[in-house]
Amino acid sequence: MTTTSIRRAYQVIRTSLHYGLDELIPTKVKPWYFRLLRCSFFWITNKHKNKVGGERLKLAMQELGPVYIKFGQMLSTRRDLLNDEWAEELNMLQDRVPPFDSVIARVMIEAELKAPIETYFEDFANTPLASASISQVHTATLKSNGKAVVLKILRPNVEQQVHADIQLMSQAANFLEMLLGQGNRLRPAEVVEDYRTTIEGELNLKLEALNAIKLRNNFLDSGTLYIPYMYEDLCFTRLIVMERIDGIPVSDMAALKAQGTNLQLLAERGVELFFTQVFRDNFFHADMHPGNIFVSREHPEDPYYIGLDCGIMGTLSEEDKRYLAENFLAFFNRDYHRIAQLYIESGWVSPDTDIGAFEQAVKVVCEPMFNKPLDEISFGHVLLELFRTARRFDMVVQPQLVLLEKTLLYIEGLGRQLYPQLDLWKTAKPFLEEWMSEQVGPKGMAKKIKQEMPYWADKLPELPELVYDNLKMGKNFVKSQNKMLDRYLKQHQNAHKSNYLLLTAAVLVICGTLLFNQNATLWPSYGCISAGIALWLLGWRSRPKNRKF
């Protein structure tokens, strides 16, 4: 462990103890070594005893920086895991992180633009519109067209903070992997590496702008999602400039109800939006916490979402997509045997798994979720039970699905806030059935032929020449193979013949020897004849083939 990691680890421990987070853990679940470890840091005391637990956790995460703030943002949507007091406190991490000095913001913006702010903008607001864990947002007006825009700039030194935390997490994961052994199925190092890719991508605002452009194009004709326009010429690694939107935060239920928003339709469109991004486009917004999602003020009876912050986007392989869709459908149809088969086919569990036992374990976890609205379902409890099942059957952690799982948690949180009676299964099942029919049925075959048609249309004029060349190559290949075969047969025949001559010569020599033993008087004449014939045969066998007599 490097000095930087040790220093950061100590900072995490010190901050946690300063806010008394250790005191929030129930005494009955604290092992003896935990209490011993706490005593070893006797000089660090709780300085916030007068604050409630939720506020302490929020302040600690806020002080520890972006990686921990992101975790708090996810927790704030989990009303089934946290009580309202804690959820409301953590909800403040969405966009109410203390801002940094606007003077520093101006300097950083001008460094990216390589020009004074006044060159491109009017009415630049020194007071930030919002301040989040990674960045800060200021409003302005474009000089070129008078459009209202927002400027998003990274926080000072945020890259160093994130890299230090990720390095610490990576070293902890490597240590855990060493304890578990190379053959472990949890793969913590791989999971952390996948998270590293995700969060480091969020530190590149130019990449965020390109993601937003792609997502915007995917939903240009949709009444479900609107993505603000990006001014690509003014987008850089640490600064982006985008259209300013006017919407209601999705978490502001009072404002949504006051304008008469159709909350049931909005909740259903949230489910549709998720499945469309994952299965139709294979490009989904993986940071859908309430601070990034707004609702249109126009047409409250026909509302749509406004999405911000496209720094974290997810994709899946075609194979994972198919397995995922089949799993959802099998789950909706309560086909637990098929779920067990899919997990084995995909390699997520060992092929040696007892499929009957695994089927029953999945059924015990999932069956209670049916015929219940969202307000009566705890995905947190279900996930916990699934993790316990995973340990029993050595289920493989799938790093490529981590972002998807996180997005599902956000969708659940949004659904609970908007319309708790939403029937998630009834809303999602028709979409998945249609998608599967398009992928594996006649529609899917026609779609694949249509996709490949431009390629074959391009290659069609070359087809006769390619066929002729291949036939010619095949003919030449056959000729060369025939020549090689003839040569081999001749060599084999010659070898057979020479071996016969060698055997004959040996027999003559042996006969001469026998004659010598039986009749010494006849040996000189017969022996010389035998030896002479043998020597002649050997000489004929060894003569060069091209020699002429």
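**Figure 1. Lys321 in helix α12 of the predicted model.** Lys321 is buried, with a relative accessible area of 5%; buried means under 20% relative accessible area, exposed over 50% and partly exposed in between (1.4 Å probe, protein chains only). The residue belongs to helix α12 (residues 318-332), where helices are DSSP runs of H or I with at least four residues, numbered from the N terminus. Leaving aside residues up to four places away in sequence, Lys321 touches Val278, Phe279, Asn282, Leu316 and Trp435; contact means heavy atoms within 4.5 Å. This is a predicted model, in which local features need pLDDT of at least 70 and side-chain atom pairs count only at pLDDT 80 or more, whereas totals for chains, interfaces and linings use all residues. Residues are numbered from 1 along each chain as its sequence is written, and side-chain values use heavy atoms, with hydrogens and water left out.

**Figure 2. Phe279 and the nonpolar cores.** A nonpolar core is a set of buried Ala, Val, Leu, Ile, Met, Phe, Trp, Tyr and Cys residues joined through side-chain atoms within 4.5 Å. The largest such core holds 77 residues, of which Phe279 and Leu418 touch the most other members. Helix α11 (residues 263-281) supplies the largest share of this core, 9 residues. Apart from this core lies another of 17 residues, including Ala105, Met108, Phe121 and Tyr231. Beyond four places in sequence, the contacts of Phe279 are Lys321, Leu324, Ala325, Phe328, Phe431, Leu432 and Trp435.

**Figure 3. Ala357 in helix α14.** Ala357 lies in helix α14 (residues 355-366) and is partly exposed, with a relative accessible area of 31%. Ala357 and His337 are separated by 20 residues in sequence and by 10.0 Å in space, C-alpha to C-alpha.

Methods
Helix = DSSP H or I, 4+ residues; strand = E, 2+ residues; numbered from the N terminus.
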